[in-house]
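Please open the structure in your viewer and keep the selection panel at hand.

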Amino acid sequence: MPDPSAQTGSTSVSLWRRVTNQGATIFAVVTAIVVILPLLAIFAYLVFKGIGSVNIAFLTQTPKPPGETGGGMANAIVGTGLILLVASAIGLPLGIGAGIYLAEYGRNRFGDVIRFTADVLNGVPSIVIGIAAYSLVVVPQKHFSAFSGGVALGIMMIPTVARATEEMLLMVPNVVREAAYGLGIPKWRTTLSISLRTASAGVITGCMLAFARVAGETAPLLFTAFGNQFWNLKLNQPTAALSLQVFTYAISPYDDWHKQAWAGALILIVLIVGAVAAVRISTSRGKLKGVG
Amino acid sequence: MGVGIEVRGLNAWYGKNLSLKSIDMTVQANHVTAVIGPSGCGKSTFVRCLNRMHETIPEAHAEGLVKVGEMDVYGSGSDPVEVRRRIGMVFQKPNPFPTMSVYGNVAAGLKLNGLRNRKQMDELVERSLKLAALWDEVKDDLHKKSGASLSGGQQQRLCIARSLAVEPEVLLMDEPASALDPISTSKIEELIFQLKQHYTVVIVTHNMQQAARVAEFTGFFLMGSLIEYDKTEKIFTAPADKRTEDYITGRFG
């Protein structure tokens, strides 16, 4: 019996395999590093430029008039939260609802139209969305408001959330739905309590992506939320937002404002990452053993 | 207690394709009835017509008389949701709800049909898991373990428990053991034997030995028609039809 390992060429084959295997692994690791590098670089640069201006005053005070140093962005931090609350209240239910329709009922022409419209809406420049919210909300109300800013961002969230919800629901195996129908559970209940629940992890990820994306938007807020140098908690009044404040300060001629703009950008990114992480942690708690 | 099933002139279509041709069949209450036949003969379609699952497939529909006890399944004013609640179904591939615990899986049908009483729910879940011979294996982490984390055989018994929890009168099983190993299969077969005390069981199987082991009555389907329906013993020892004989002796299918 010939020894298979002693055959001619077998060592060079296994050597070649080892080399390509190593090569592929190194390639994968390098690309992964290249992907996260820009994010890390941006974050590091923001910390480097902004951390010096983040202090108690920055987090608790409103802006000082031009020329005076000090002051902070507390009103903008709260304003961003307020606008995002309105945006989520509009964008998430509409987006999830549309996604449910597309996945469970929309296998027809009308569904295709909605799908196409959502994809187009996703590609509309954010400033155009701002103009739409301006003419739909600001003009009839006759003044800028936190609400109109929330409407603009909410509209931007809808297509992302809808398409993510649809994709995730389509990944739920049909046998799971059949199991529910077989128990005498009506279709609407099956959709909400079985299919959506099975898809919830992916749907939440889609919602967080949409949220994170609009949280940093500036253009749609320029003529909706407008900005404000003072405190405002009313939905129908012009409101400061971190992104707007960073924009205003960054194009100003004052050195102190430039520093504060860096600090504002840092706070914005920390808040977004914090919010996404908080949702992730709170939804992964209470997970069952053996859920994939 | 189980109830009998009366089928008269049942036709079923997929689109324009007639796949069940005028089926007449009487299923005895509290007995196990097996449905056998080669792939594509319509045996699965037949049981899926009994609880109106057939019509959940796009463009599929069925017509004819199906009476389950006193319930006219295809009568005007018959609600498919109510039909399916009273006729339980176990599928070929175990399909527990993946994000729910063992308890949640068994309780799902009760909860989503509106039962709120916690104590009653606990009792029904325990009773169903015991009936499905799964209780001893899962009782320690009913709430902690996901239904999907069980083994294949356990998952199938979980699915049986889930069907039993809503207290159906009839249990339909569509090749319930075809995805399982021999030990799990024999557990399911023992279970079927126990279940007929409380339920009428109709089981689809492509395994003739299985039909011979578990069923008192057997129906042989071929190309959408019910060729022969009789006592299992008779079908396997002295079939009346030549085609039945060819099939059970392994000459085709």
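How many residues of chain A are in contact with residues of chain B? Select both chains: 19 residues of chain A are in contact with 27 residues of chain B (contact: C-beta atoms, placed from the backbone, within 7 Å). The largest share of the side of chain A that touches chain B, 6 residues, comes from helix H7. By class, this side has 10 nonpolar, 5 polar and 4 charged residues (Ala, Val, Leu, Ile, Met, Phe, Trp, Tyr, Cys and Pro count as nonpolar; Asp, Glu, Lys and Arg as charged; the others, Gly among them, as polar).

The model is predicted: local features need pLDDT of at least 70 and side-chain atom pairs pLDDT 80 or more, while totals for chains, interfaces and linings use all residues. Residues are numbered from 1 along each chain as its sequence is written, and chains are lettered from A and ligands numbered from 1 in the order in which they are written.

Next, select residues 242–250 and 255–284 of chain A, helices H10 and H11 (helices are DSSP runs of H or I, at least four residues; strands are runs of E, at least two). Their axes come within 8 Å and cross at roughly 155° (axes are lines fitted to C-alpha atoms, for helices over the stretch in contact; angles run from 0 to 180 degrees between N-to-C directions). H10(A) is therefore roughly antiparallel to H11(A) (angles over 145 degrees).

Finally, select chain B, where 4 strands form an open, antiparallel sheet in the order S2-S1-S4-S5 (strands pair if DSSP finds at least two bridges between them). Strands S1 (residues 5–14) and S2 are joined by 7 bridges. Within S2(B), Leu18 of chain B stands opposite B:Trp13.

Note on methods:
Parallel < 35°, antiparallel > 145°, perpendicular 65-115°, else oblique. Contact = placed C-beta atoms within 7 Å.
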